Amino acid sequence: MDVLECISTRRSIRSYTEEQISEDTLLELIELGTKAPTGSGQEPWGFVILQNQEEIESLSDKAKQIIRENLADYPYFEQYKAFLEDPKSNIFNNAPTVLVIYGNTASHWHVYDCSLVAGNIMLAAYSKGIGSCWIGFAEAILNSKEFKDQHGVPEGYNLVCTLGLGYIKEKLQPPKRKKPLIFSKG
């Protein structure tokens, strides 16, 4: 698949096969991700790979609980109240792999740089038949001191992106987007 086709047809995927992504493939995706531009050459990214399904399910349950109990702190999740209350729902969409991207806050550009890394990973994954979805709900749990300590994330690194990853169960139609909003053309 060429890069233009990949960009034009990639969708957020929320339904995966049970096949686990190999360590070699994950490391290749991360390596491709880190080919992204980086402000002042800082390369402020760091990663946690989760593939233990019990841990992923437990993190989902904890995140849902935290958000429900603190909805005032997460007003943008109000629309998902029924989802958050459903004991069968999983914030990671039952993805077999969760990739967490942290940025070193010593770099002013860590959010931009890590977002570019995530974009590269999503496109590279899609070219290999691996779907991805950026998981906003994860911010409630994966930036906690407890989680970061448990997974060796150093102080000064903050969560930027969480990706659910897995082999695509059902291919979706290309995304439909609004026309770009262009403010000025000179």
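The model is a predicted one, in which local features need pLDDT of at least 70 and side-chain atom pairs count only at pLDDT 80 or more, while totals for chains, interfaces and linings use all residues. Residues are numbered from 1 along each chain as its sequence is written, and side-chain values use heavy atoms, with hydrogens and water left out.

S40 sits in the loop between α2 (23–33) and β1; I note that helices (H or I, at least four residues) and strands (E, at least two) are DSSP runs numbered from the N terminus. The phi of S40 is positive, about 55°, although S40 is not a glycine. I then turned to N94, in the loop between α4 (81–85) and β2, and found a positive phi of about 60° there, again without a glycine. N94 counts as exposed at 51% relative accessibility. I flagged these angles because most residues other than glycine have a negative phi.

**Overall fold**

I recorded 7 helices and 4 strands, which follow the pattern α-α-β-α-α-β-α-β-α-α-β along the sequence. For 186 residues a compact globule would have a radius of gyration near 16 Å, and the 17 Å of the protein agrees with that; the radius is taken over C-alpha atoms, and the globule rule is 2.2 Å times the number of residues to the power 0.38. The C-alpha trace spans about 50 × 40 × 40 Å along its principal axes, and buried residues make up 41% of the 186.

Taking contact as heavy atoms within 4.5 Å, I noted that residues 24 or more positions apart account for 82% of the contacts with a separation of 6 or more.

**Cores**

I looked next at the nonpolar cores, each a set of buried Ala, Val, Leu, Ile, Met, Phe, Trp, Tyr and Cys residues joined through side-chain atoms within 4.5 Å. The largest has 29 residues, and those with the most contacts inside it are L50, I67, F92, V100, Y102 and L142. The elements giving two or more residues to this core are β1 (45–50), α3 (53–69), β2 (97–104), α6 (139–142) and β4 (157–167), with α3 giving the most, 4 residues. Apart from this core lies another, of 21 residues, among them I101, A118, A125 and Y167.

For I67, leaving aside neighbours within four places in sequence, I listed contacts with Y74, F77, L84, F137 and A140.

T162, in strand β4, is buried with a relative accessible area of 1%. Beyond neighbours within four places in sequence, T162 is in contact with F92, V98, L99, V100, C133, W134, I135, A138 and L142.

T9, in helix α1 (residues 3–9), is also buried, with a relative accessible area of 16%. Not counting residues up to four places away in sequence, T9 touches M1, Y126, P174 and P175. I also checked T9 against K176, and the two are 167 residues apart in sequence and 9.6 Å apart in space, C-alpha to C-alpha.

Conventions
Buried means under 20% relative accessible area, exposed over 50%, partly exposed in between (1.4 Å probe, protein chains only).
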